[in-house]
Amino acid sequence: MYRFLLTPRWWGINVFVLLAIPFCVFMGSWQLSRFEARVDDHRSAKEQAESARTQAARPLAELLPVDKSTSGRRTTATGHYGKQLLVPDRQLDGRDGYYVLTLLRTDGGKALPVVRGWLPGDADSAKAPKPPAGQVTVTGTLQASETPGDNGVSARGGLPAGQTSAISAASLVNLVPYDLYDAWVTLDTADAGMTAVPATAAADTGLDLKAFQNLGYTGEWFVFAGFVVFMWFRLLRREVEFARDAELGILPEEPAESERPRESAEPGESERPGEPGESGESGESGAGSAGRHEPRAQEDASTPVR
């Protein structure tokens with residue numbers, strides 16, 4: 001009954017199933033591991049942010065380049081404030097406003113972007129406090145360069161002079177005349193008249209939409225694996241039923257042939273009533289006509305001649 005499993009068609013089906021199921025399980029497990037890694041990163045970033053508040057600030061050079069382990073650490077840097085820019089379209093506590101960003105030129109020659117605070121309303125350079133003069137030492141939280149379009153960072157261009165949409169070396173390289181660190185710092189305590197900007201978690205360390213997409217993909221791959229198994233059993237059951245019916249001599253009924261329309265007779269073969277010799281009715285009609293003339297002939301013969 002199961003000899004059909006040895007046919008080339010079923011060999012192909014079985015090979016496909018044996019390859020598809022492990023592949024789906026592997027992809028589902030991989031997506032699940034991605035979700036678990038994001039959960040671990042989120043937990044580590046949260047613990048790191050809490051511990052960074054109590055840790056002593058470390059020199060900037062010891063924390064570069066910025067990665068998941070150093071983002072959010074407290075750092076310190078010394079230099080002179082230079083060019084000042086504004087970063088519009090930034091929200092804080094549900095209110096619209098802008099960052100005041102000032103470049104700190106360090107002794108090493110590079111400039112470090114420093115967010116000195118946040119102000120409400122539209123970006124206005126006249127309202128932004130001027131940076132302190134002379135040599136200063138800043139202490140704040142180290143942050144990785146922003147990517148336009150991510151985490152609420154604006155990607156719009158065409159901003160007025162003295163403004164930038166993202167805080168990154170790539171965005172600032174054409175706005176300032178000196179080399180830049182690929183990082184930035186938000187001060188622990190904002191300068192007078194401004195609100196301190198809280199640090200953000202490093203990229204890909206939060207339970208964002210991407211994390212839950214990985215969880216959704218996990219379920220999809222496992223559903224695909226179950227669907228493959230279900231379809232294989234369904235095809236197997238159908239083949240077994242056909243084999244049993246064949247052994248019992250039960251064959252599927254063939255559809256009856258539709259009746260073809262009768263062909264009309266040829267014009268020459270059709271009977272033409274009224275022509276003599278072709279039907280009995282015409283003969284009888286002729287005989288009846290002759291009979292109707294006989295009494296008239298007898299009546300004329302019996303009339304005396306005067």
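**Aromatic pairs, nonpolar cores and a surface patch**

With a relative accessibility of 1%, Trp10 counts as buried, since the limit for a buried residue is under 20%. The model described here is predicted. Trp10 pairs with Trp232 in an edge-to-face arrangement, with 6.5 Å from centre to centre and 80 degrees between the planes. This pair links distant parts of the chain: Trp10 belongs to helix α1 and Trp232 to helix α4 (residues 209-247), and the two are 222 residues apart. Trp10 and Trp232 also form one aromatic cluster with Phe233.

In total, the structure holds five aromatic pairs. Another of them joins Phe35 and Phe212, which are tilted, with a centre-to-centre distance of 6.2 Å and an angle of 50 degrees between the planes. Because Phe35 lies in helix α1 and Phe212 in helix α4, the pair ties together parts that are 177 residues apart in sequence. The two rings of this pair were assigned to separate accessibility classes. Phe35 has a relative accessible area of 16% and is therefore buried, whereas Phe212, at 47% relative accessibility, counts as partly exposed.

In soluble globular proteins, nonpolar side chains tend to be buried together. The largest nonpolar core of the model has 17 residues, of which Tyr99, Leu101, Leu103, Val115, Ile167 and Leu180 touch the most other members. Two or more residues of this core come from each of the elements β2 (74-92), β3 (95-106), β4 (111-120) and α3 (169-172).

Tyr99, one of the core residues that touch the most other members, was examined for its contacts. When neighbours within four places in sequence are left aside, Tyr99 is in contact with Leu85, Leu86, Val87, Arg90, Val115, Gly117, Trp118, Ile167 and Val197. Among these partners, Val115 and Ile167 are themselves listed with Tyr99 among the core residues that touch the most other members.

A nonpolar patch was also found on the surface. The patch is formed by Leu6, Trp11, Val15 and Leu19, which together have about 460 Å² of accessible area. Leu19 is placed in helix α1 (residues 8-52). Leu19 counts as exposed because its relative accessibility is 60%, and the class of exposed residues begins over 50%. Helix α1 thus holds the exposed Leu19 as well as Trp10, which is buried, and Phe35, which is also buried.

Notes
Residues are numbered from 1 along each chain as its sequence is written. This is a predicted model: local features need pLDDT of at least 70, side-chain atom pairs count only at pLDDT 80 or more; totals for chains, interfaces and linings use all residues. Side-chain values use heavy atoms; hydrogens and water are left out. Patches are made of residues with over 30% relative accessible area and no salt bridge: like charges are joined within 9 Å, nonpolar side chains (Val, Leu, Ile, Met, Phe, Trp, Tyr) within 5 Å. Accessible areas come from the Shrake-Rupley method with a 1.4 Å probe; for residues, only the protein chains shown count as cover. A salt bridge is a side-chain nitrogen of Lys or Arg within 4 Å of a carboxyl oxygen of Asp or Glu. Helices (H or I, at least four residues) and strands (E, at least two) are DSSP runs, numbered from the N terminus. Buried means under 20% relative accessible area, exposed over 50%, partly exposed in between (1.4 Å probe, protein chains only). A nonpolar core is a set of buried Ala, Val, Leu, Ile, Met, Phe, Trp, Tyr and Cys residues joined through side-chain atoms within 4.5 Å. Contact means heavy atoms within 4.5 Å. Rings of Phe, Tyr and Trp (its six-membered ring) pair if their centres lie within 6.5 Å; planes under 30 degrees apart count as stacked, over 60 as edge-to-face and the rest as tilted.
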